[in-house]
Amino acid sequence: MRGFLASSTATTIGVTCAAALVLPLTPSAAAATTSPAQSGARSAPTLVHPDALNAFPALDAPGVPDASGVPGGTESLPLVPLTPSTRDRALGPVAPEQGLTRDDVHHFSMVGVVWDDPDLELHGRVQVRTREAGTGAWSGWQDLQTHNDDGADPGAAERLSGHVRGATAPLWVGDSDGVDVRVRAEGERRTDEGARGTRAVAAAGPLPSGLRLELVDPGQEPAPRAALPPALHGISAGAPRVRPVTAESAESAASLAASAADADLAPLGATAIPALTRSATLREVRTLRLGEPAAAQRANPYIGPRPRIITRRGWGADESLREKGFVYTKKVKAAFVHHTASGNGYSCAQAPSVIRGIYRYHVRSMGWRDIGYNFLVDKCGNIYEGRAGGVAKPVLGAHTLGFNTDSMGIAVLGSFGSSKPPAAVLKAIARLTAWKLGLYGANPRGKTYLKSGGGNLYRKGKNVRLNVISGHRDGFATECPGRQLYRKLGTARSTAAHYQGR
């Protein structure tokens, strides 16, 4: 069996599932692979567990926080049709509207609205106001971004799982215990002639079916965790398996698998992968053969210093939520920068809670296999590991619909349509891309070609020339990553190239 650090040139060779280190699997059941010849797909992802296609976690039961036995939960409430007022009816045709008012819900810190069909857009306006748990004061009305344009590519196993839902972007609201939501359909303007004369009215279509309000409790900050079992420390890349984890082990198999995917970069159970100098990074890359093949590494001195990265264990990921396998693409040719559109009203100390909320929303509410982004950055410039599978590896994400293959997604926590991103955010993006893109020989100031998997901007199969560091809107018609962040990507490209020594 292969070790944890899979070469980007060998995705058609089976990659050992990290869970094989802790589960009593036989060699024949420990890995599975899909090759381009078998699937006819472009740069086919490598599946590292045989049931990766059908092990998606079930959505939380409606109206009941999940009972996984871990901190946090999701309360899912169906919206109901709202009766228009007499005044609204007197003004003419009334657009469909649904909503809900509840002051008896469990505590939550993040809200979103989901619906049944992931391919159906919500043409309308979604507004919420919430009651602060500590004071009982109600907030003003806030808009949810109705077009959540992240996601797995059309035709991908994750997209076809049967669990995926349409959704708004989630909004961080802080500790709350009451909620009021209104969803109103909107459409194209048209002219209506009647007894009251000619006027412009909204020709609103129906709202999507199955509208539900998702109230997400990310859980409290995890208590300090016990050390990993001594027998599991010091696992080498070549170790095929270790004895099964016992009931006394401090970590679940899924937690160990996620940590083991980075075992060559930090000790098992580490809450952060430490930063390295550029010279130490180059030595590490050549010793461990990260990213490119060895011959290409010798000819490629342009790799930025490894930044400090807070691991999934560090931000408190509940590994039992996600699908248990990892899926890899072939390499990393480009990085797409996003904002989460979840608002800027969080402190940097709350960033791990925000990430846990987004993770739970992506998996439990939207039906994805894991959080969609490969990395996240908070407004203080801290970098966090996103989708599980190893920070140095080409993990297949669900961040830029149509362009997830051979790319990575970096999401900045917040909304940057009108707010300028802090300098610390741009520095973090530059440091992360200088290192990760450098592992695969990519120039942050350069261009590359990616083949579209299908979307609203490029047809499926089209080779598209993109900046190596692109904004989400470059691959999909969306406002993401916000006008203010998008206009600063040139600075991030130049700084990243400087970190690489170009």
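Of the 502 residues of the protein chain, 54% count as buried, where buried stands for under 20% relative accessible area, exposed for over 50%, and partly exposed for values in between (1.4 Å probe, protein chains only). The structure is a predicted model, in which local features need pLDDT of at least 70 and side-chain atom pairs count only at pLDDT 80 or more, whereas totals for chains, interfaces and linings use all residues. Residues are numbered from 1 along each chain as its sequence is written, and side-chain values use heavy atoms, with hydrogens and water left out.

The accessible surface of the protein chain comes to about 20200 Å², and 51% of this belongs to carbon and sulfur atoms. These areas come from the Shrake-Rupley method with a 1.4 Å probe; for residues, only the protein chains shown count as cover. The protein chain has ten helices and 22 strands, with helices (H or I, at least four residues) and strands (E, at least two) taken as DSSP runs and numbered from the N terminus. Among contacts (heavy atoms within 4.5 Å) in the protein chain with a separation of 6 or more, 75% are between residues 24 or more positions apart.

The largest nonpolar core holds 40 residues. Such a core is a set of buried Ala, Val, Leu, Ile, Met, Phe, Trp, Tyr and Cys residues joined through side-chain atoms within 4.5 Å. Phe 375, Trp 435, Leu 437 and Leu 439 touch the most other members of the largest core. At least two residues of this core are supplied by each of α4 (278–288), β16 (334–339), β17 (375–377), β19 (407–412), α8 (423–439) and α10 (489–499). Helix α8 gives the largest share, ten residues. Not counting residues up to four places away in sequence, Leu 439 touches Val 285, Leu 290, Gly 291, Glu 292, Ile 303 and Ala 392. A second, separate core of 28 residues includes Ile 355, Tyr 359, Leu 376 and Ala 411.

Aromatic pairs were assigned to rings of Phe, Tyr and Trp (its six-membered ring) with centres within 6.5 Å; planes under 30 degrees apart count as stacked, over 60 as edge-to-face and the rest as tilted. By this rule the count comes to three aromatic pairs. The ring centres of Trp 315 and Tyr 359 are 5.5 Å apart and the planes are at 85°, so this pair is edge-to-face. Trp 315 belongs to helix α6 (residues 312–315) and Tyr 359 to helix α7 (residues 351–365), so that the pair links parts of the chain 44 residues apart. Both Trp 315 and Tyr 359 are buried.

Phe 403 and Tyr 458 also form an edge-to-face pair, because their ring centres are 6.0 Å apart and their planes are at 85°. This pair too links distant parts of the chain, 55 residues apart: Phe 403 is in the loop between β18 (383–385) and β19, and Tyr 458 is in the loop between β20 (447–451) and β21 (463–467). Phe 403 counts as buried at 1% relative accessibility, while Tyr 458 counts as partly exposed at 24%. Ring pairs link Phe 403 and Tyr 458 with Phe 336 into a cluster.

Charged side chains also sit over rings, with NZ of Lys or CZ of Arg within 6 Å of the ring centre and within 35 degrees of the ring normal. Arg 129 lies over the face of Trp 138, at 4.6 Å from the ring centre. Lys 379 lies over the face of Tyr 346, at 4.5 Å from the ring centre.

One disulfide is counted, defined as a pair of cysteine sulfur atoms within 2.5 Å. The disulfide joins Cys 348 to Cys 380, with an S to S distance of 2.0 Å. The torsion about the S-S bond of Cys 348 and Cys 380 is about 95°, so the disulfide is right-handed. Cys 348 is in the loop between β16 and α7, and Cys 380, 32 residues apart from it, is in the loop between β17 and β18. Cys 380 counts as partly exposed at 45% relative accessibility, whereas Cys 480 is buried, with a relative accessible area of 4%.

Helix α3 (residues 253–260) is mostly covered, with seven of its eight residues buried. Ser 109, in strand β5 (residues 108–115), is buried, with a relative accessible area of 10%. Ser 109 and Ser 176 are 67 residues apart in sequence and 6.0 Å apart in space, C-alpha to C-alpha.
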